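Dear colleague,

I am handing over the structure below, and I would be glad if you kept it open while you read the notes that follow it.

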Amino acid sequence: MEENVQEVEVPKGKVRHSKYNQILTCIKCGIPVYLAGPAGSGKNHTVEQIAKELDYEFYFSNSIQQEYKLTGFIDAGGKYHETEFYKACTSEKECIFFLDEMDASIPDVLVLLNAAIANGYFEFPNGRVDFDNVHFVAVGNTVGNGADDKYTGRMVLDSATLDRFAIIDFDYDKQIEYKITKGNVEFVQFISNLRKDIDLKQIRHTVSYRCELMVTKLEAEGMDLKDIMKIVVLKGLDQDTINTISVDGSSKYHIALRELQS
């Protein structure tokens, strides 16, 4: 059943994800956190919000494919090249070390990270560093089970690594979507159902907050809705795939989709 647009008030001011307080509490308690959720659901932004609220320094690393991206290295001239992880471990202030796409990092690196979390120190090429100011947050699109039809480049995460983390499911948040779309309930409901059908049919496609924002802006400028649907919502999908999508409803968004399928 679709929600009534009159019953939804556009959130005012900054909107926080529904899992914000769970993540915040874990970080304050010194518990490493792993956020598992779809691409574009705001995982990075939420952790940055928390770092700002706590006045923690924030150190970011994308998925690590080579060990030296974590450890750093000493070049031929004897100079040590530090990493974001090294900066976090040597920080004199409370900080967050944020590892993006942990499930796309190589297992050898995660073993090293796991040992660092367990021991409270790390052996860098330029010497041992003991740390107690680092709070670990990692994110990924899977819960460590390896590649699936949508996220093909994902690694299996071993149970010892996962055991170090509180695992929090992090999906798209309705309040954030209402904020982005200026309270457009019909569109938010359409996108929610579209995501479900895409997942059900195992179509490799992402419909993120960014997509919702672009649709909202283009619609406000009067662009034809069928064109918006084609260039923003369904971008990159071939006609045969578009024709397999089935989303029940009678809103203008459903009608635009069906027109593209005819």
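**E84 and its surroundings**

Leaving aside residues up to four places away in sequence, E84 touches Y59, F60 and F97. Please keep in mind throughout that this is a predicted model. E84 belongs to helix α4, which covers residues 84-89, and its side chain is joined to that of K87 by a polar contact of 3.2 Å. Is E84 buried, exposed or partly exposed? With a relative accessible area of 27%, E84 is partly exposed, because that class lies between the limit of under 20% for buried residues and that of over 50% for exposed ones. To give you a sense of distance, E84 and G249 are 165 residues apart in sequence, and their C-alpha atoms are 48 Å apart in space.

**The chain as a whole**

The protein chain contains 12 helices and 9 strands, and its C-alpha atoms fill a box of roughly 65 × 40 × 35 Å when this is taken along the principal axes. Of the 262 residues in the chain, 48% are buried. If you consider the contacts with a separation of 6 or more, 74% of them are made by residues 24 or more positions apart.

**The sheet**

Strands of a sheet pair through backbone hydrogen bonds, and they can do so in a parallel or an antiparallel way. Here, 5 strands form an open sheet with parallel pairing, and their order is β2-β5-β8-β1-β9. Because β2 (57-61) and β9 (166-169) stand at the edges and have a single partner strand each, one side of each is left without a neighbour in the sheet. From one strand to the next, the twist averages 20°.

Helix α2, made of residues 43-54, lies across β1, β2, β5 and β8 (134-140), and it runs at about 170° to β5.

**Two serines**

The loop between β5 (95-99) and α5 (107-119) holds S105, whose relative accessible area is 1%, so S105 is buried. What does the side chain of S105 reach? It reaches the backbone nitrogen of I64, at 2.9 Å.

The other serine, S192, lies in helix α8, residues 185-200, and it counts as buried because its relative accessibility is 16%, which falls under the 20% limit. S192 and Y172 are 20 residues apart along the chain, and 8.9 Å separates their C-alpha atoms.

**A pair of helices**

Two packed helices are described by the angle between their axes and by the distance between those axes. For helix α9 (residues 209-220) and helix α10 (residues 225-233), the packing angle is about 155° and the axes are 10 Å apart. The two helices are therefore roughly antiparallel to each other, since angles over 145 degrees are counted in that way. The crossing of α9 and α10 is right-handed. Which residues meet where these helices pack? On the α9 side they are C211, M214, V215, L218 and E219, and on the α10 side they are L225, I228, I231, V232 and V233.

With kind regards

Methods
Residues are numbered from 1 along each chain as its sequence is written. This is a predicted model: local features need pLDDT of at least 70, side-chain atom pairs count only at pLDDT 80 or more; totals for chains, interfaces and linings use all residues. Side-chain values use heavy atoms; hydrogens and water are left out. Helices (H or I, at least four residues) and strands (E, at least two) are DSSP runs, numbered from the N terminus. Buried means under 20% relative accessible area, exposed over 50%, partly exposed in between (1.4 Å probe, protein chains only). A polar contact is a pair of N or O atoms within 3.5 Å; within protein, one must be able to donate a hydrogen and the other to accept it, and residues adjacent in sequence count only if both atoms are side-chain atoms. Two strands pair if DSSP finds at least two bridges between them. Axes are lines fitted to C-alpha atoms, for helices over the stretch in contact, and angles run from 0 to 180 degrees between N-to-C directions. Contact means heavy atoms within 4.5 Å. Angles under 35 degrees count as roughly parallel, over 145 as roughly antiparallel, 65 to 115 as roughly perpendicular and the rest as oblique. A crossing is left-handed if the near helix is turned anticlockwise from the far one by less than a right angle, and right-handed if clockwise.
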